[in-house]
Amino acid sequence: MISRKTTLSKKYTDVERLVCHSKTSLMMGVKDPKTGRSLVAKCILLLPENTHGEKGRQMALRTAAHMDPHWQEVTPRTVEEVMEEAHAMYTLRKCSGAVDLVEVLLEPGSTRVVLVMELLEGGLLSEFMLDHTSGMKEPEVQAAASRLLNVLREAHKTGIAHHDLRPAHVMLTLEGRLDSVKMVDFSKGAGGGVAARPKFDHDAAIATSSQRWYQPPEVAVQESCETSVYAGNMWSFGWMLLAMLTGSEEMFEDPHPPWLVAEPRKLPSGHVQDAWFKMAQRWIDKELKTVLTKLRVHGARKESTDIIQKLLTVDPRDRLTAEGALRHPWFQCTYM
Ligand SMILES: Nc1ncnc2c1ncn2[C@@H]1O[C@H](COP(=O)(O)OP(=O)(O)OP(=O)(O)O)[C@@H](O)[C@H]1O
Ligand SMILES: [Mg+2]
């Protein structure tokens, strides 16, 4: 799976930069000359060993600049971070809702790692949502949800979490087909962050963008990472479900979740935190009531609104797990 002897341009043909936004990689479209299969190569610049921080970044960029000027916009990552992402992709590659990793190229000189994977041609779920602002059909959402949950169940069972789950990290394999979704980007982002902690933060840009809804409340208020990052994935997944069914990410009357209104504050665990969870739950119950009632009026099954409530549970200890979600009665509902 890991090849150390060759480079992307030696092994593949038609190497061409794809125009898509990325902070830590250059995405290339390539062709396997043996099979004729079109693939995607996620090219990641490595920090030199033992030289991290700004100095390491400058060194890495200097070596890469002659290859492609676009490297100047990219943040290099450590080899350990990239290998962790490759490991997650390799473990999950056989799940129908995860992208198939073809191989990993650790290019000679160790300046770059390339993750070669299947090409997903249907675009991002976030783009698909822009064309479906009055909501997506429930049977299709159910099919998409089941694929994504199977990935989350397998990931969580094997100690893997997604670190930034939202519609910009879900792609459609086939254009227009929500039932062909696949989860992408199992990276922790540049710099690694605290182990097992999601990438989400209190960044001002995130706090005002629709991205904020996918951030689990406990990330904003917990002193340390006591509850699992797996529960955090389930919150993000719950939001994706709600966004797909309603066709909107801004459906609440009050656009300011209580966990983002103030400066980040870390609550000690114990009863102070429990009381905070209860207060935040009251807030979300009130907002959800209006939205879910509207969905029901438009024909949503009670099982679909019930699973959303069980996923959007503020206290992560009470939130539905991936295993539990797959056993939820919604997945027994059939549609004509
Ligand atoms: N298998 C794929 N097929 C087609 N396009 C893809 C594939 N994987 C990723 N992309 C495109 O490349 C973009 C960046 O991918 P990804 O999120 O994995 O990279 P990244 O370096 O982590 O980016 P960022 O740091 O901005 O999240 C995606 O938003 C998507 O548009
Ligand atoms: Mg990404």
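Here are some friendly notes on a predicted model, to read alongside the structure above.

1. **The sheet.** Start with the strands. Six of them form an open sheet with mixed pairing, and their order across the sheet is S1-S5-S6-S4-S3-S2. Which strands sit at the edges? They are S1 (2-3) and S2 (13-17), each of which pairs on one side only.

2. **A pair inside the sheet.** Now look at S4 (residues 38-45) and S6 (residues 112-118), two strands that run antiparallel and are joined by seven bridges. To find one of these links on your screen, pick Lys42 and look across to S6, where its bridge partner is Leu115.

3. **Helices H5 and H8.** Two packed helices are described by the angle between their axes and the distance between the axes. For H5 (residues 138-157) and H8 (residues 229-246), the axes cross at roughly 170 degrees and come within 11 Å. An angle over 145 degrees counts as roughly antiparallel, so that is how H5 and H8 are arranged. On the H5 side the contact involves Glu138, Val141, Ala144, Ala145, Leu148, Leu152 and His156, while H8 brings Tyr230, Asn233, Phe237, Leu241, Met244 and Leu245. Sorted by class, this contact of H5 with H8 holds ten nonpolar, two polar and one charged residues.

4. **Helices H8 and H10.** H8 also meets H10: their axes come within 8 Å and cross at roughly 145 degrees. Is this crossing left-handed or right-handed? The crossing of H8 and H10 is left-handed. From H8, the residues in contact are Met234, Trp235, Phe237, Gly238, Leu241, Leu242 and Leu245, and from H10 they are Ser304, Ile308 and Leu311. This contact of H8 with H10 has eight nonpolar residues, two polar ones and no charged ones.

5. **Helices H9 and H10.** Finally, turn to H9 (residues 271-297) and H10 (residues 302-311), whose axes lie 10 Å apart at an angle of about 160 degrees. These two helices are therefore roughly antiparallel to each other. H9 passes H10 in a right-handed crossing. Where do they touch? Leu288, Leu292, Leu295 and Arg296 of H9 meet Lys302, Thr305, Ile308 and Gln309 of H10. By class, the contact of H9 with H10 divides into four nonpolar, two polar and two charged residues. As you compare the contacts, look out for Ile308: this H10 residue takes part in the contact with H8 and in the contact with H9.

Methods. Residues are numbered from 1 along each chain as its sequence is written. Chains are lettered from A and ligands numbered from 1 in the order in which they are written. This is a predicted model: local features need pLDDT of at least 70, side-chain atom pairs count only at pLDDT 80 or more; totals for chains, interfaces and linings use all residues. Axes are lines fitted to C-alpha atoms, for helices over the stretch in contact, and angles run from 0 to 180 degrees between N-to-C directions. Helices (H or I, at least four residues) and strands (E, at least two) are DSSP runs, numbered from the N terminus. Angles under 35 degrees count as roughly parallel, over 145 as roughly antiparallel, 65 to 115 as roughly perpendicular and the rest as oblique. A crossing is left-handed if the near helix is turned anticlockwise from the far one by less than a right angle, and right-handed if clockwise. Two residues are in contact if their C-beta atoms, placed from the backbone, lie within 7 Å. Ala, Val, Leu, Ile, Met, Phe, Trp, Tyr, Cys and Pro count as nonpolar, Asp, Glu, Lys and Arg as charged, and the others, Gly among them, as polar. Two strands pair if DSSP finds at least two bridges between them.
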